[in-house]
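Reader: I'd like to learn how to read charge pairs and helix packing in a model like this one. Could you walk me through it?

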Amino acid sequence: RYLASQFGLDGRNSLENSLIDMYGAQMGDLFNAYSAAINNNQSEIFFNTTWPQNLKFFDDRLTKNGNGFLVGRRLSWISRLTLVSLS
């Protein structure tokens, strides 16, 4: 977050920063679910349920924001992380 603020990849206000943190936590949950699925030989279940649900979550947020950014009107660290992780 410190580097994000230094390079202009944070939110422009406390609401945007809260949304960015929330979406970051969602990505962390997704990574944890993926790790657990791999460790328990349940990757098929993960990719058939958890993955599509999370893709829909982020797609809905992008649609709701309406400008191609996950939060606000500019690129944020969570937009970059989501793009790289879900690609």
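**Salt bridges and a helix pair**

Author: Happy to. By the rule used here (a side-chain nitrogen of Lys or Arg within 4 Å of a carboxyl oxygen of Asp or Glu), the count comes to three salt bridges. This is a predicted model, where local features need pLDDT of at least 70 and side-chain atom pairs count only at pLDDT 80 or more, while totals for chains, interfaces and linings use all residues. Residues are numbered from 1 along each chain as its sequence is written, and side-chain values use heavy atoms, with hydrogens and water left out.

Reader: Which residue forms a salt bridge with Asp21?

Author: The general idea is that side chains of opposite charge can pair when their charged atoms come close. Here Arg1 is the partner of Asp21, with 2.9 Å between the closest N and O atoms. Arg1 sits in the segment before helix 1 (2-6) and Asp21 in helix 2 (residues 14-39), so this pair ties together parts 20 residues apart in sequence. Helices are DSSP runs of H or I, at least four residues, numbered from the N terminus.

Reader: What does Arg74 pair with?

Author: Arg74 forms a salt bridge with Asp10, the closest N and O atoms being 3.3 Å apart. Since Arg74 belongs to the loop between helix 3 and helix 4 and Asp10 to the loop between helix 1 and helix 2, the pair ties together parts 64 residues apart in sequence. Arg74 is partly exposed at 29%, whereas Asp10 is buried at 19%.

Reader: And how far apart in helix 3 are Lys56 and Asp60?

Author: They are four residues apart, which means a separation of about one helical turn. Their side chains meet in a salt bridge at 2.9 Å, N to O. Lys56 is exposed at 52%, and Asp60 is partly exposed at 30%.

Reader: At what angle do helix 3 and helix 4 pack?

Author: Two packed helices are described by the angle between their axes and the distance between the axes. Helix 3 (residues 43-65) and helix 4 (residues 77-86) pack at about 145°, with axes 12 Å apart. Axes are lines fitted to C-alpha atoms over the stretch in contact, and angles run from 0 to 180 degrees between N-to-C directions. Contact, meaning heavy atoms within 4.5 Å, is made by Trp51, Leu55 and Phe58 of helix 3 and Thr82, Ser85 and Leu86 of helix 4.

Terms used:
Helices (H or I, at least four residues) and strands (E, at least two) are DSSP runs, numbered from the N terminus. Buried means under 20% relative accessible area, exposed over 50%, partly exposed in between (1.4 Å probe, protein chains only).
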